[in-house]
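Thanks for making the time this morning.

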Amino acid sequence: MTREEEQIYDGEFGWANQVCMKILVRLGELFNATRLIRISSAHISGVSYKTLGDAPIGFLKSLADANGKAKVKATLNPQSFSPEYLGKKLPKNIREKQFTILEQFERMGFTRSLTCTPYYLQRPEAGSHLAWAESSAVVYANSVLGAWTNREGGPSALAAAIIGKTPDYGMHMAGNREPTILVNVEKPLQNETEFGALGIHLGKILGNKIPLINGLKNASEDSLKQLGAALATTGMTNMFRRDASSEKRGIEKVSVEAEDIKRTIEGLSTAARHEPDLVFIGCPHCSLDEIRHIAGEVEGKKVKQRTECWVCTSRHNMEKAADYVKIIERTGAHVLADMCTIVSWTEMLGIRTIMTNSAKTAYYAPTLNKAQTILVPQEECLKTAFKG
Amino acid sequence: MTGLTLKGRGIVEGHCKAEALVSSKPISFLGGVDPADGKIIEKNHDLYGECIKDKILCFPHGHGSTVGSYVLYSLAKRNSAPKAILNQTADPVVVVGAIIANIPMITQVDIERINTGDVVEVDGSSGYVRVSRRVERSCI
C-alpha cells in the first residue's frame, strides 16, 4: 500500500473512506492482489428498492453522512419504476424509499444515470480499468469495448468509486483474459433472441472459462449485448472473445448445435399461450439504433387494447432520441427511462405473462416478477403487441 | 471440558467468545435471514427457525445476491448479528458484509470439527479458534 492508502486505511480520512479502503484491501488479499490500481469509472448495482430492501439504506446514509464522495465518474443501475408512468401507479411508501436511496447516492456525487448500459453515456476507452457491477455491462465492457473490469458486487463497486481504485486481480491481469475454450456455433444465429439463447446455454456449461466464439465477426453490438447479458445470467464468465487474433491452438473445443439454441429458447418460454399482459423490449436498455428501428416498425400503428407495451432505455438515450420516442408513444406504447422491468413491481400492476426478446428477462421473470414468459424475437414481439 | 484449537485465515479483526451455531449448508443472507431479528427464514435450510444473533455462526460459505452484504450490516445495527463468522471458503459477499458490519470473521476453518452448542473463542486477527466442548455433551 502507498502511504496515502495506509492513512486512509487507518481512518485519517474519516470513516467512509476507511470502510471503503478496508473492503478493497480485504478483497485484494482474498484474491492475492499485490496492489490497488486507479480506475477511470465505477458503475454501481443495487439501486432498486425492490431488490435492495430496507437493509442498505442505513449503510448508504452513514457513508453519505461521513462525507463519502465518489472520486471517479460513478454511474448507477436502474431503479424500480419510471417516475412518469409506473411511479404514479405505485404506493407512496415505495416511491419514498426509492427516492431516499437515490438521495444518498446523489449526496455522494454519483451520476443519476439509472441505466444498465452506462457505456451509452460515455464509452470507456479500450484498455482502461473500471470497477463495474452490473453483470451485463461487465461482459460488454470486457468483450465489446475492450475495457478491463471484474464483476464487482454492489458494495465493492461503491467502495471502488469512493477510493477511485480497485484491487489488481482477475480481469485486470492480461494473462487472465486469454480464451481457454473454443466455441463453434454450427448454424449462423438469426436474431437477437438467438444470441441471448447462446449466452444462456454457454453460461451453464462454461463455468468461469473464457470462450473464443467463432462466427461473431459480423454480429452487431446490439446482438453482442444480448449474448453478454445472457452469458452473465447463467455463468460466472466475465468475457467472451471473438477476434481471430486471440485464436489459440490446443485448447478445449465445444460445439453448439441449432438444436441447443432451439431447446434453450423453448425452455425459457413458460407460458402455454401467446397472450401476454406485457410486451417488453429493452433488457439491457435499448441503444439509439434500437429505438430508431422500433419507431420505424411501429409508426402509425396502435397497441392492442389490454396489452401493455414497454420499451426501456436510459434517460440519456430517451432525450437524444426524442423524436423517435414521440413516434413510439403515439402508438400507445410506453418508452420508460430510469427503470428495469425485472427489478420493477410488475406483479403489483397485475402483469402475469411477459413476452420479451431478452433471454435474460425470460430467465429472471418467473422468480423476480412471478410471471410466465414468452421468449421471441423483437419482430414477433411487435407483431403481437400491435394491431394489423 | 475438552479443548481443541483450529487455525484459519483472519479476515475481520476482533476477539469474542460465544456459543456456536453450525450449518453444513451455504447461507444467502438476502432472503435467507430475517434482517430484523436474525432468524433463518429459508425453508429448506438445516438452520431453519434458528436465530443467529450473538452466536459464533459457522457455515461453509455464502451464496446468492450481493445485497447479502447489506443484510449483515442491517443485523449489526439492530443488535441481531452473530458475534463472529467462521467459514470454510471466503465468499466476497459475506466478507464485505462482515467488514461493513464489523463482525469478526475467519475463513479456511475446518468447521466440521465444531458442534452447535460448543463454546468457541475467536480471534479475528490471528485466525485462531479455540473450541470447548459443552460439558453435558461430553458426559453423554
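In chain B, eight strands make up an open sheet with mixed pairing, in the order β1-β8-β7-β3-β4-β5-β6-β2, where strands are DSSP runs of E of at least two residues and helices runs of H or I of at least four, numbered from the N terminus, and two strands pair if DSSP finds at least two bridges between them. Because β1 (3–7) and β2 (9–12) of chain B each have a single partner strand, they stand at the edges, with one side of each left without a neighbour in the sheet. This is a predicted model, in which local features need pLDDT of at least 70 and side-chain atom pairs pLDDT 80 or more, while totals for chains, interfaces and linings use all residues. Residues are numbered from 1 along each chain as its sequence is written, and chains are lettered from A and ligands numbered from 1 in the order in which they are written.

Within the sheet, β5 (residues 84–87) and β6 (residues 105–107) of chain B run parallel and are joined by two bridges, with B:L86 opposite B:I106.

As for the interface, 17 residues of chain B are in contact with 18 residues of chain A, contact meaning that C-beta atoms, placed from the backbone, lie within 7 Å. On the chain B side, the elements giving two or more residues are α2 (68–77) and α3.

Chain A, finally, comes to 15 helices and 14 strands, and its C-alpha atoms fill a box of roughly 70 × 60 × 35 Å along the principal axes.

Key:
Two residues are in contact if their C-beta atoms, placed from the backbone, lie within 7 Å.
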